[in-house]
Amino acid sequence: MKKIGCVLAYGGVNFGTLLQDYATIAKIKELGYDCEVIRYKKRLSFFEKVKLVIRMIQIGDFSGKRRELNKKWFVWKNKDYAKSRDLRIRASKRFGRKYLEPLFVEYEGYEALCKGSLNYDLVLVGSDQIWSPISLYGNFYNLMFVDENIPKVSYASSFGVKEIPDFQKTATKRYLDRFSMIGVREQSGKHIVDSLSRNEATVVGDPTILLTAEEWSEFISDSQIVIPTPYIFCYFLGTNIKAREAVNDLKTKTGFTIVAIKHGDEFFKYDESFGDISLNDVDAKDFVKLIKNAEYVCTDSFHCSLFSILFHKKFMTFYRFNSNVRTSRNTRIDNLLDIFDLNNRLYHNTIFTIDQNINFSLIDERMSEYRANSMEFLRKELLLAN
């Protein structure tokens, strides 16, 4: 049996990342391949760390580091927040230990990582924003560590931005040219690949759509979480106050309970008084079930929006980032809504358009075709295994 090495953006407490990792592995196995998840433990010298900071300054994207610092500060300052965050981390780790970590193989140091690539018949990278500008320098998600003779493919990889900084274009072309096939998640990613590389990219679906709604329902059937219906489920990663205020307007109109997973990517003081039911001890399965059983879904999350579509929900998606900022990562939301002609699900000053009808029969037809084409692309990629 051919062995596939997978480079995945292991998610920590991010439900979407955990679920796409699970879906990727599940479909690779379903297609008849052995699978290992390649984990890389870095050994960075002091000077390498300094260089990384300089590169972050060049790119102008400190958002991730800022969020991490905010988390540490508020965990230290706020005991209640620390306890709630710890519950969520533990729940996510339980999911990871059960469905992902048994396949992990760790390589410590870059030399070991390079040698380890020889253990595989093919190495696949994806999905999520693994090709963001800051990831270039790790030489991990771009598969620069993989031996020249080992086929390299990507599935639903994302740059997370609309364009690559000029000073990175040569290095970006270098790693893209080494791939045998490239599948990206957004049209903007295809434009980047096609304009820089000798390769032509194909836009494919996020791994989570490779499973049908019925398959996801079966997967989450043992989730124990129970919330009285009807309710409005809210999952906000960002700190958009207008999004919370809009949800409160929806509650005023409907009288439905607001069920929220608060403090998404960082502590947000407004969330302390937001919502009626606050959930912490939930894992990725519970997350999907909460979407499935909700009357309404309000979110700034790509994957929460995607599962809302899968489960035929009345949903509203809010931008998490300022679209005018160079490092904005709203492209994946735009692309998802464009594919299914659901641009009216994007918030524009009023929440009440959430009740507009959605032709889910047409959506399901598009989803079925999109899923079939994406699976066929993945199958062709894996056939390249030596």
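Mentor: Let's begin with I4, whose bridge partner in strand 2 is C35. A word on the ground rules: this is a predicted model, where local features need pLDDT of at least 70 and side-chain atom pairs count only at pLDDT 80 or more, while totals for chains, interfaces and linings use all residues. Residues are numbered from 1 along each chain as its sequence is written, and side-chain values use heavy atoms, with hydrogens and water left out.

Trainee: What makes strand 1 and strand 2 a pair?

Mentor: Strands here are DSSP runs of E with at least two residues, helices are runs of H or I with at least four, and both are numbered from the N terminus. Two strands pair if DSSP finds at least two bridges between them. Strand 1 and strand 2 (residues 34-41) have 4 bridges, in the parallel sense. Strand 1 also pairs in parallel with strand 4 (residues 122-125), again over 4 bridges; there, C6 stands opposite L124.

Trainee: How do you know that strand 6 and strand 7 pair?

Mentor: There are 2 bridges between strand 6 (residues 181-184) and strand 7, which run parallel, and at least two is what the rule asks for. In this stretch, G183 is opposite T202 of strand 7. Helix 1 packs on the sheet, where it touches strand 1, strand 2 and strand 4. Touching means heavy atoms within 4.5 Å. The direction of helix 1 makes about 145° with that of strand 2; axes are lines fitted to C-alpha atoms, for helices over the stretch in contact, and angles between N-to-C directions run from 0 to 180 degrees.

Trainee: Which strands form the open sheet, and in what order?

Mentor: The order is 3-2-1-4-5-6-7, with parallel pairing across 7 strands. Strand 3 (104-108) and strand 7 (202-203) stand at the edges with a single partner strand each, so one side of each has no neighbour in the sheet.

Trainee: Why is strand 1 called largely enclosed?

Mentor: Buried means under 20% relative accessible area, exposed means over 50%, and partly exposed is in between (1.4 Å probe, protein chains only). Of the 5 residues in strand 1 (residues 3-7), 4 are buried, so the rest of the structure largely encloses this strand.

Trainee: What makes you say the charged end of K285 sits over the ring of F219?

Mentor: The rule is that NZ of Lys or CZ of Arg is within 6 Å of the ring centre and within 35 degrees of the ring normal. The charged end of K285 is 4.5 Å from the centre of the F219 ring and sits over it. The charged end of R39 sits over the ring of F104 likewise, 5.1 Å from its centre.

Trainee: Which residues touch the most other members of the largest nonpolar core?

Mentor: They are I4, W216, F233, I261, F287 and L290, in a core of 70 residues. Such a core is a set of buried Ala, Val, Leu, Ile, Met, Phe, Trp, Tyr and Cys residues joined through side-chain atoms within 4.5 Å. Helix 13 gives the largest share, 8 residues.
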